[in-house]
Amino acid sequence: TNEWVWVCDRDGRMRYNNPALADMLGYPPAGLDGTNTLDLMHPDDRPTAVELLARGAAEGRGWTGVVFRFRHRDGSYRHLESNAVPTFDAAGRVTGFQGADRDITERKKLEEQLRQAQKMEAIGRLAGGVAHDFNNLLTVINGFSEMLLGDPGLSPTGRELVAEIARAGDQAAALT
């Protein structure tokens, strides 16, 4: 499998890692034996992991579909979707957990790109709606300016001011 299959004790110390770990996070599988899995996690994800380990040990249950960010050997972080079940001793006490994590980093990147595209689309629709409404207002302004300029009784000063309003309206319409 290309999933990282692992076994840890109830505190999160790694006891087994399959070879997929090398491809996924860049570490040799045996090189992490005895390492606490929390040390590889993004600091913001550690409280969730600690809670899952404690609750899992107390209640004898695992977890499904929990996403953690793990540090790759190169220093970057990978999003891993984790599924685990508890392991028990002969007396029925939880001794640890075994599970499989799959790398969903690419999916997360694509989801973020989709969110950004949706935001841009929403902003575009909003801007289009504002431009349409603004254009409607400019139509009224430009229409009344033309009517006033056609009035023979308009004083020269008034004509100059209305002509300036018409020019500004035309510029605004061109900008929209």
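Modeller: Arg167 and Glu164 join their side chains in a salt bridge, with 2.7 Å from N to O. A salt bridge here is a side-chain nitrogen of Lys or Arg within 4 Å of a carboxyl oxygen of Asp or Glu. In general, side chains of opposite charge can pair when their charged atoms come close.

Before going on: this is a predicted model, where local features need pLDDT of at least 70 and side-chain atom pairs count only at pLDDT 80 or more, while totals for chains, interfaces and linings use all residues. Residues are numbered from 1 along each chain as its sequence is written, and side-chain values use heavy atoms, with hydrogens and water left out.

Back to our pair. Arg167 and Glu164 are about one helical turn from each other, because they sit three residues apart in helix H4 (residues 156-175). Helices (H or I, at least four residues) and strands (E, at least two) are DSSP runs, numbered from the N terminus. Arg167 is partly exposed at 45% relative accessibility, and Glu164 is partly exposed too, at 44%. There is also a network: salt bridges with shared partners tie Glu81, Arg102, Arg107 and Glu111 together. For those exposure words, buried means under 20% relative accessible area, exposed means over 50%, and partly exposed is in between (1.4 Å probe, protein chains only).

Let's follow that network. Eleven salt bridges are found in the structure. One of them brings the side chains of Arg102 and Glu81 together at 2.4 Å, N to O. That pair links distant parts of the chain, since Arg102 is in strand S5 and Glu81 is in strand S4 (residues 77-88), 21 residues apart. Glu81 is buried at 14% relative accessibility, whereas Arg102 is partly exposed at 35%. Glu81 has another partner: its side chain meets that of Arg107 in a salt bridge of 4.0 Å, N to O. Here the link runs from strand S4 to helix H3, where Arg107 sits 26 residues away from Glu81. Arg107 is partly exposed, at 36%.

Val140 belongs to helix H3, which covers residues 105-149, and is partly exposed at 46% relative accessible area. Together with Phe144 and Met147, Val140 makes a nonpolar surface patch of about 330 Å². Patches are built from residues with over 30% relative accessible area and no salt bridge, joining like charges within 9 Å and nonpolar side chains (Val, Leu, Ile, Met, Phe, Trp, Tyr) within 5 Å. The areas come from the Shrake-Rupley method with a 1.4 Å probe, and for residues only the protein chains shown count as cover.

Now for the rings. The structure has four aromatic pairs. Trp4 and Phe70 are edge-to-face, because their ring centres are 5.3 Å apart and their planes are at 85°. This pair also links distant parts of the chain: Trp4 is in strand S1 (residues 4-9) and Phe70 in strand S3 (residues 63-71), 66 residues apart. Trp4 is buried at 1%, and Phe70 is buried at 2%. Another pair, Trp63 and Phe97, is tilted, because the ring centres are 5.2 Å apart and the planes are at 45°. Trp63 is in strand S3 and Phe97 in strand S5 (residues 94-103), 34 residues apart. Trp63 and Phe97 are both buried. Ring pairs also gather Trp4, Phe68 and Phe70 into a cluster. The rule: rings of Phe, Tyr and Trp (its six-membered ring) pair if their centres lie within 6.5 Å, with planes under 30 degrees apart counted as stacked, over 60 as edge-to-face and the rest as tilted.

Last stop, helix H2. Its buried residues are Ala49, Leu52, Leu53, Gly56 and Ala57. They lie on the same side of H2, because they cover an arc of only 120° around the axis; the arc is that of the directions from the helix axis to the C-beta atoms. The face turned away from the buried side of H2 carries the exposed Pro47 and Ala58. Tyr27 lies in the loop between helix H1 (20-25) and H2 and is buried, at 13%. The C-alpha atoms of Tyr27 and Arg73 are separated by 6.3 Å, although these residues are 46 residues apart along the chain.
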